[in-house]
Amino acid sequence: MIAFGILAIVALIGGIGVIVARQPVHSALFLIVNIVALAIFYIILSAEFLAAAQVIVYAGAIMVLFLFVVTLLTAGKDDEEAGEELSGQRITAGVLAILAGGGLAVVGVLYPSQRIQLGLPQNFGNLRGMGDVLWGPDFVYLAAVALMLLTAAVGIMVLNRPPRKKADPEARLKERES
Amino acid sequence: MAFALWPEYTIVLGIFATMLAIMIGSRERTIVGYWLALAALVASAIVTTVDWSSRVLPVSLFHQGVTVDAFSLVVDGLVLLAAVGALLIGWNDRRYGTDFPILLLVALLGMMVLGMANNFIVLFLGIELLSLPLYILAASHSPGVSGEAGLKYLLLGAFSSGILLFGLALLYGSSGTMVFTQLDPATMILPLAGAGLALTVVGLVFKLGIVPFHMWVPDVYEGSPMPVTTYMAFGTKVGAAAILLRFLFFGFSLSVDWWGPAIGYLAVLTMIVGNLLALAQKDLKRLLAYSGIANAGYVLVGIASHNMSGARALLFYLLVYGLAILAAFAILTFVAGERDSVSLNDLTGLVYRSPWLAAFLTIAMLSLAGIPLTGGFVGKFYLLQAAIYAGQPGLAIGLVVGAMVGLAAYVRPLQRAFAKPSGSESIEPIRWPIAGAIVLIVCVAGTIGLGVYPGPVVHIVNHSAAFYWLK
């Protein structure tokens, strides 16, 4: 419980840091804090493989990519944010978010779920257990996720397609003005 | 090999065939993809029909992950109709690129999965399979407005998916099972289950576009290309309504008092606010977006009444709404021509430019408003009946008030269409692309047909929504 508390606070600090930090690089670093804290959560829940995958894939691969993109795109630019359209939006949203999150936390702490403490299945959390589930009874879900990733690849091609030559006149006018 | 899933397998095969054809084929011949997608849709529709007519008992597959029954097959039929309509409205239009049929088929697969989901994983997979292609399609047209629509849809959609996932996790924690039919409200840890249920329902009604969660709908509909908007207005709503009905009726049928009142209040709020906001719109896509919000409210009446008539009325209403909205969007596509938006002013004097289009627009709008002799009237009638049977007069009153406000909103475009042109509008005749014309004529005929002789379709939905535990 103590370990859970400490980790939860670290994860929260990471999460809040991501949105509060002014520099995008700092946001990315805070996100790594959050990801690593989540990985340790997985270890506490005896899901070792998931923890390792979390660190290798997210902290290792994706975040490095993030950092590259952030450094390349924001180098030498000032980080002024656009003003808000509705005043007080952030404060209202923040208060509501804290109320909702606090309420959920209170419910979760007062009424812990008991069904999960029935014991773990064999090979839970390690590579073998994951493989048995993903390539056994849940294979069809894996196939659906594969199809989803294929769609994402198609989407990247669609969105990066060079603009058509015969664009509509308004867009061309705007281009000329700028 | 599960034979019950042939409608879905056909679509998966169609996705791969379309992808390969586009990859191998030359850049110019984009029409192959459209034909292959259409072939897959027709094949899937045939398989669905055969399966529906020969199916006696529901089939449970993948450790009760999916349930194929008459309900899921009718949902398959509805989303297939939406996909065929959207594909034909955008038939071989250079503006939407070669990838439109692929993404349309993937989203269709998501909607079909939503129709038969029976556990949390399948529910979430269905929602994501449905959303991901639509995010891309919403942004596919041009970087300007369309990019904004895509980004807005992506951010809000991802946020609502997060809420949905949180709710599902809490429900799993409080019940210990992921299967809808094994959820037992009597043994759940109540506050945790309540929080989970609330978050899950919020995530689902976001996709449906119910009033406190409707802000994204008009912007996304306005910015997306016309066939994509058509598809979102019909297909997405069918998928989201189907999964909401399954989740609540299968999982929480024994504890109606947990969710019944909340869904009822949301329905009344949505019907009235959606129609009121539709009154003020000048852009026709936005008007139809708010009309879609209001119609999602009517659909919720079917769920909130929680009886067999409600489930039947929901399926029937989704069909008549879909036919009317397909017809309306086909007309908008014709009027828009090379552009991608239609304002009320563009409609002025439509009857002098093209009397048939004006007549069809009248039928579509009157069906959306619920005037007798159109399908919309019969659909609203059944919903009203379901609300009264359920002993919820508040729902019935809300529905009638919403319909009356809606009538005013739908009459405004008609008033413009029949007004005398002032001379400044374009008077060139409107082109009717063949594919779109087929959609338009079939939908108008269907709308009138369902209004005059709804018997056969009523028989089908009665049979399909007959869950044995409902009264």
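Chain A of this predicted model contains 7 helices and 0 strands. Along the sequence its elements follow the pattern α-α-α-α-α-α-α. Of the 178 residues in chain A, 9% are buried. Among contacts in chain A with a separation of 6 or more, 51% join residues 24 or more positions apart.

**Annotated transmembrane regions of chain A**

- An unreviewed UniProt entry places the feature "transmembrane region" at residues 6-21, 28-45, 51-73, 93-111 and 139-159 of chain A.
- Residues 93-111 of chain A are 95% helix and 0% strand, with 27 Å between the end C-alpha atoms.

**Domains of chain A**

- Chain A is divided into domain 1, covering residues 1-73, and domain 2, covering residues 120-162.
- The centres of domain 1 and domain 2 of chain A, taken over C-alpha atoms, are separated by 22 Å.
- Contact between the two involves 5 residues of domain 1 of chain A and 6 residues of domain 2 of chain A.
- On the side of domain 1 of chain A that touches domain 2 of chain A, the residues comprise 3 nonpolar, 1 polar and 1 charged.

**Contact between chain A and chain B**

- Chain A contributes 21 residues to the contact and chain B contributes 26 residues.
- On the side of chain A that touches chain B, helix 4 (89-110) and helix 6 (139-159) of chain A each supply at least two residues.
- Helix 6 of chain A gives the most to this side, with 11 residues.
- By class, the side of chain A that touches chain B consists of 15 nonpolar, 4 polar and 2 charged residues.

**A helix pair in chain B**

- Helix 14 (residues 355-369) and helix 16 (residues 393-417) of chain B pack at an angle of about 170°, and their axes are 9 Å apart.
- Because angles over 145 degrees count as roughly antiparallel, helix 14 of chain B is roughly antiparallel to helix 16 of chain B.
- Helix 14 of chain B makes the contact through Ala358(B), Leu361(B), Thr362(B), Met365(B), Leu368(B) and Ala369(B).
- Helix 16 of chain B takes part through Ala403(B), Gly406(B), Leu407(B), Tyr410(B), Pro413(B), Leu414(B) and Ala417(B).
- The contact of helix 14 of chain B with helix 16 of chain B has 11 nonpolar, 2 polar and no charged residues.

Note on methods
Residues are numbered from 1 along each chain as its sequence is written. Chains are lettered from A and ligands numbered from 1 in the order in which they are written. This is a predicted model: local features need pLDDT of at least 70, side-chain atom pairs count only at pLDDT 80 or more; totals for chains, interfaces and linings use all residues. UniProt positions are given in the numbering used here, feature names are shortened, and annotations may be inferred rather than shown by experiment. Helices (H or I, at least four residues) and strands (E, at least two) are DSSP runs, numbered from the N terminus. Two residues are in contact if their C-beta atoms, placed from the backbone, lie within 7 Å. Ala, Val, Leu, Ile, Met, Phe, Trp, Tyr, Cys and Pro count as nonpolar, Asp, Glu, Lys and Arg as charged, and the others, Gly among them, as polar. Domain bounds come from an automatic or database domain assignment. Axes are lines fitted to C-alpha atoms, for helices over the stretch in contact, and angles run from 0 to 180 degrees between N-to-C directions. Angles under 35 degrees count as roughly parallel, over 145 as roughly antiparallel, 65 to 115 as roughly perpendicular and the rest as oblique. A residue is buried if 20 or more other C-beta atoms lie within 10 Å of its own, exposed if 12 or fewer, and partly exposed in between; C-beta atoms are placed from the backbone.
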